[in-house]
Amino acid sequence: MNSLLWKQWRESKGLLAIFTAWMIAAAVYVVSYELGHRYHAAIGSFSTWAWFYGIVAAIFLAMRTARGEEADGTMSFTAALPISLRRSGAARIVGAVLTLVIPIVIGASLFSLALASGLIEQAAPRTPLGPAYHRLLERDLAPFTTSLEQLWSVAAIAIFGGTQLLLILSLVGCWLRNQAQIGFFGAVLWLGSFLASDLLWYGQPSEISQFIYGVLFPQSLVIHWGYGGFSDIPGSYTDHELVGYRWPALGLAIPLLALVGYWFVRLYGKEKSLSVSTKPRRIRLAIPPLLSHVGLHFRGRWMALLWLELRQSLPLVAAGFLLTVLITVAGVLMERGHHHSFGTEVLMGLPGSVFFVGMLWASVVGSGLYSADLSNGLGGFWRSRPISPSMWFWSKFMIGLVAVLTVLDGITTLVSWNAPRESPTTGMSWAYVGCFPMIHTLMYTLAVLGTCWLRRPVVGGILSILGYALLSVAISAFPQTVDFDPINIYNHLLETERNGHIDFSQHGYPLIYGLLSFSIILFALLASRLARPLQPKYLSIPLAL
Amino acid sequence: MSEPAIKVDQLGKSFGSREVLSHVSLSIPMGQTFALLGRNGAGKTTTIRILLGLLTPDAGTVQLNGINPASDPLKVRSQVGYLAEDQTMYGWMTPMELCRFLAPFYPTWDMDWARANLDRFEIPHHARIRELSKGQSVKLGLVAALAHHPRIVILDDPAMGLDPIARKEFNRDLVEHLQTSECTVLYSSHLLDEVEAVADAVAILDRGRIVRVGQTDLLREEVKQVLLAYDAAAGMPRPQGLLDVRRHDDRLAVVTDQASAYLEALSAEGIDHEVVDLRLDEIFEAYVIGRTQDWPNGSRSAAASA
């Protein structure tokens, strides 16, 4: 067992270093931001960072835990060792959980020092019975011990939430075929977790129901409320709210998580030993290839490429749109206002969902479209064809992008345009049209760039999200630049539009969105260079993770 | 004399400090089936990638049908049919969709030929490619590589991964096609018994260098194994083309190129010997892992007999 743990350590230390650096950077950033703005809301910000980290780390680690040995080609070697595969599975999952947990603990410890030293202070906890429930800025400061308990509560919830996602994804990964599918499934679960964690925060839920729900779904023990982007708040802050019986809920969640972990270990041993000689089971909807019987003949290469890329991108984009609609419907069901019909409320809520889901899904489509073609197998297919790398790259890029923008933003704009615009988060706007297609294009391009560079779909996609997050962090870190955050610009434009006037020459829109356009072109050109000439993997730039 | 279909002259390629190809020269006439033999890492795939214009050589020149792939790779690829070992196709496509998709990329694409060969290889036209067997996939790859009637076909270990029966079947189909077409074929493989059946000429590539090139029949004619008494061999000079020496008790098995000269010398000295014909894989083995240090020298032989 010691050898297995040593092997696990050797495999995980690189990721552990990256994740630790991430959480230390997050703690330093949150403290610095608080020092700059003095909102007394640092714990809420730290909580969102830890939650975001937990999801990304869980997806990465689950991919490696469930299918890493197959991807590395070491499964046969491990299966031949004189130990049970269950033990190997146990070592893998324990190593993965530790790799996820340790960085959050280190980040929270650093944050504790900042609180203990008086460098930063936290406002009193938000409670339904307390004064100024909705306004953190009007609350008193919390005592140090209360702040410390709040901090470690959000840290523990992020740990439990991330661990739960890691265990579930690893378990499901035993049934999935490869790492990319685990990553794709992780992205869907990620979106689902938004709904699941907020489910019992609306209406008048009892504490006991929140407690029971928290046992089953630890991330639901905290909710984040974001404020900012409007004239009375320079910048933005994140308030947080915790369930009363959070610690007992976390305590009871431990055996449930252990059960999922045990299930994974059992399945890992069983599935892997089988998969040494047979392919993993595949679940696939058998849709008959009807179009094959239609005598489609393409007039020229562009038509053939158009068909190919549409055939590849549309199902992906449609799945994203369907997911967005489901999220919107679930959101409407949770916050039913009864002022409008159900359909109208869905149309009102759709832009708010597409804005966020589109950022993630544009990355999924971008990396999904390129990763297969750049693999050794399909790469070989393309390398032997008389097609220029530029034609291959740009046809794929443009058709995929148009599909994303048309299905996600175009349809949403069309169907939601006449829906009532009652709050900043409901209804369509010119501000949306001017901002979010551009942001979705940026995410798509970043994902294409990451995938062409690294030749690994999930890593490329997640790097694009991280890239945007870092850009956003860098801009919003300073009071002088916070208004140049693309989302803040959208908020300002929307505010003025809702007041009856829209002017895209204001609020830094021409500068920042001009820069975004320039960046998109630059990143796309860079990606086209990195993909050229469809070189095999060993000739691309390596990244050892 | 007509221009060779493939002409490689003093080709050199390195990746960083690792030299992969050095002074590689080949000349493959029109209509010839040429086998490029080599172990893993010998430089076969790098040579093929340079031929397709996917890599630029560090030294030397390459021409396919008079076209330089480094300067006009698309023109080369439109005239070449290429099938790789690990080539996959879109699993969601059907064979018919694949053919329709590829057709616009090749002005000479022959859909009737493609359809007829899908039938001949018993490949279902409208089944998803991911549902085809490995053997069917390789044959579909062959159809996709040949349906534009290329004048040059490059096959990079296409039958690897198939079971022995499927390999034989694939090669039988390949031979049938080659007999009816007049295209030039460059066949890279390390399944030598199968290459032997189809190759007119071979080149042996070892650690980035061509160590032997010649007509297959001629090669078999020139490279022989000679069995003779150990002591008798010790009294003879070392053969000019010595490739491998193995001692079995008091007998010596010598594999040598230019065997006729050595056999003449043995006969002239009245030394009894037995000549064994070699298969291509045995010739290849002698060239790439043959050991000549066991050749008996006079003094050691004298000491042993004393």
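This is a predicted model: local features need pLDDT of at least 70, side-chain atom pairs count only at pLDDT 80 or more; totals for chains, interfaces and linings use all residues.
A salt bridge is counted here when a side-chain nitrogen of Lys or Arg lies within 4 Å of a carboxyl oxygen of Asp or Glu.

The interface itself can be described by its residues and by its area. Chain B brings 31 residues to the contact and chain A brings 38 residues. The size of an interface is often given as the accessible area lost when the parts come together. Between chain B and chain A the buried area is about 3,300 Å², and carbon and sulfur atoms give 62% of that area. Of the area that chain B buries against chain A, 22% is supplied by B:Y90, B:R100 and B:F105, which is more than any other three residues supply.

Helix 1, which covers residues 2-37 of chain A, packs against helix 4 of chain A at an angle of about 25°, with the two axes 8 Å apart. Because angles under 35 degrees count as roughly parallel, helix 1 of chain A is roughly parallel to helix 4 of chain A. The crossing of these two helices of chain A is right-handed, and the residues of their contact divide into 19 nonpolar, 7 polar and 4 charged.

Helix 2 of chain A (residues 42-72) also meets helix 4 of chain A (residues 85-116), their axes coming within 10 Å and crossing at roughly 165°. That angle makes helix 2 of chain A roughly antiparallel to helix 4 of chain A. Helix 2 of chain A passes helix 4 of chain A in a right-handed crossing, and in this contact 16 residues are nonpolar, 6 are polar and 3 are charged.

Particular side chains can be followed between helix 1 and helix 4 of chain A. A:E11 forms a salt bridge with A:R92, in which the closest N and O atoms are 3.5 Å apart. Since A:E11 lies in helix 1 of chain A and A:R92 in helix 4 of chain A, the pair ties together parts that are 81 residues apart in sequence. A:K7 is also found in helix 1 of chain A, and residues up to four places away in sequence aside, A:K7 touches A:E69, A:T78 and A:R92. From C-alpha to C-alpha, A:K7 and A:R92 are 9.3 Å apart in space, while 85 residues separate them in sequence.

Further along chain A, helix 13 (residues 389-416) packs against helix 14 (residues 430-454) at an angle of about 145°, with their axes 10 Å apart. Helix 13 of chain A passes helix 14 of chain A in a right-handed crossing. The residues of helix 13 of chain A that take part include A:F393, A:F397, A:L401 and A:D409, and among those they meet in helix 14 of chain A are A:Y432, A:F436, A:H440 and A:Y444. The residues of this contact divide into 12 nonpolar, 5 polar and 2 charged.

How values were computed
Residues are numbered from 1 along each chain as its sequence is written. Chains are lettered from A and ligands numbered from 1 in the order in which they are written. Side-chain values use heavy atoms; hydrogens and water are left out. Axes are lines fitted to C-alpha atoms, for helices over the stretch in contact, and angles run from 0 to 180 degrees between N-to-C directions. Helices (H or I, at least four residues) and strands (E, at least two) are DSSP runs, numbered from the N terminus. Angles under 35 degrees count as roughly parallel, over 145 as roughly antiparallel, 65 to 115 as roughly perpendicular and the rest as oblique. A crossing is left-handed if the near helix is turned anticlockwise from the far one by less than a right angle, and right-handed if clockwise. Ala, Val, Leu, Ile, Met, Phe, Trp, Tyr, Cys and Pro count as nonpolar, Asp, Glu, Lys and Arg as charged, and the others, Gly among them, as polar. Contact means heavy atoms within 4.5 Å. Buried area is the accessible area (1.4 Å probe) that two parts lose on being put together, summed over both.
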